[in-house]
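Hello,

Here is the structure I promised to pass on to you. Have a look at it first, and then read on for what turned up in it.

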Amino acid sequence: ATYTLLVLDDDSETLANLVYLLRHEHYRILTAATTEVAFQLLAQKSIQVALVGQHLGMGDAAFLERLREIHPQVVRMIVSDYANAADLSEAVNRGAVYRFVLKPWNDEALRRMVRDAFRHYDEQQGQGGN
């Protein structure tokens, strides 16, 4: 089965960098620059992992909470360009986010985290956990 990764960021340069970084990982990569497009893709496609940039229109926390409510099976990761530790750790603690990555990210660490997120997805689906 082919894994599908949704990359969501309103900054086109960050979006392009993330796609470029992950292009050899054998995922189908879908991109969205707005939360509206992201929700359309989530409704139409089978997506296992969402990599979400911060500074989105509806607010990161609100988007991630809504994503968790509508698509609880999707493993959610956030890429942040500032160390807003309180918000990020709260999101992680509430279960809205699986992992967060601070910019500038380490390429290999980010690739590994995305691979781990797909593994986590499989475990959640009963292929090794729950």
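**A buried glutamate and its partners**

Glu 25 is buried, with a relative accessible area of 17%, under the 20% cut-off for that class. Please keep in mind as you read that this is a predicted model.

What does Glu 25 pair with? Its partner is Arg 111, and the closest N and O atoms of this salt bridge are 4.0 Å apart. The two residues come from distant parts of the chain: Glu 25 sits in the loop between α1 and β2 (28–32), Arg 111 belongs to helix α5, and 86 residues separate them. In general, side chains of opposite charge can pair when their charged atoms come close.

His 26 is not a glycine, and yet it has a positive phi of about 65°. At 70% relative accessibility, His 26 counts as exposed, whereas Glu 25 is buried.

**The overall layout**

Stepping back, the protein has five helices and five strands. Along the sequence they follow the pattern β-α-β-α-β-α-β-α-β-α. Of the 130 residues in the protein, 42% are buried. If you take the contacts between residues at least 6 apart in sequence, 62% of them join residues at least 24 apart.

**Where α1 meets α5**

Arg 111 comes up again in the packing of two helices. The axes of helix α1 (residues 12–22) and helix α5 (residues 107–124) come within 10 Å and cross at roughly 75°. An angle from 65 to 115 degrees counts as roughly perpendicular, and α1 and α5 are therefore roughly perpendicular to each other. On the α1 side, the contact is made by Leu 18, Leu 21 and Leu 22; on the α5 side, by Asp 107, Leu 110, Arg 111 and Val 114. Sorted by class, this contact has five nonpolar residues, two charged ones and no polar ones.

Another residue to look at in helix α1 is Leu 15. At 11% relative accessibility, Leu 15 counts as buried. Leaving aside residues up to four places away in sequence, Leu 15 touches Val 7, Leu 8, Asp 9, Thr 31 and Ala 32. Leu 15 and Ala 32 are 17 residues apart in sequence, and their C-alpha atoms are 8.4 Å apart in space.

**Two nonpolar cores**

Which residues have the most contacts inside the largest nonpolar core? They are Leu 5, Leu 51, Met 77 and Val 114, in a core of 20 residues. At least two residues of this core come from each of β1 (4–8), α1, β3 (49–53), β4 (75–80) and α5. Helix α5 gives the largest share, five residues.

The structure holds six salt bridges. One of them joins Arg 68 and Glu 65, at 3.0 Å from N to O. These two are three residues apart in helix α3 (residues 60–70), so about one helical turn separates them. Glu 65 is buried, with a relative accessible area of 18%, while Arg 68 is partly exposed at 27%.

Another salt bridge is formed by Asp 116 and Arg 119, whose closest N and O atoms are 2.6 Å apart. Both lie in helix α5, three residues apart and therefore separated by about one helical turn. Asp 116 counts as partly exposed at 25% relative accessibility, and Arg 119 counts as partly exposed at 45%.

Finally, a cis peptide bond joins Lys 103 and Pro 104, with omega at about -10°. You will find Pro 104 in the loop between β5 (99–102) and α5.

Happy exploring, and best wishes

Note on methods. Residues numbered from 1 in each chain as written. Predicted model: local features only at pLDDT ≥ 70, side-chain atom pairs only at ≥ 80, totals over all residues. Heavy atoms only, no water. Axes fitted to C-alpha atoms, helices over the stretch in contact; angles between N-to-C directions. Helix = DSSP H or I, 4+ residues; strand = E, 2+ residues; numbered from the N terminus. Parallel < 35°, antiparallel > 145°, perpendicular 65-115°, else oblique. Contact = heavy atoms within 4.5 Å. Nonpolar A, V, L, I, M, F, W, Y, C, P; charged D, E, K, R; others polar. Core = buried A, V, L, I, M, F, W, Y, C linked by side-chain atoms within 4.5 Å. Buried < 20%, exposed > 50% of the residue type's maximum accessible area, 1.4 Å probe, protein only. Salt bridge = Lys/Arg side-chain N within 4 Å of Asp/Glu carboxyl O.
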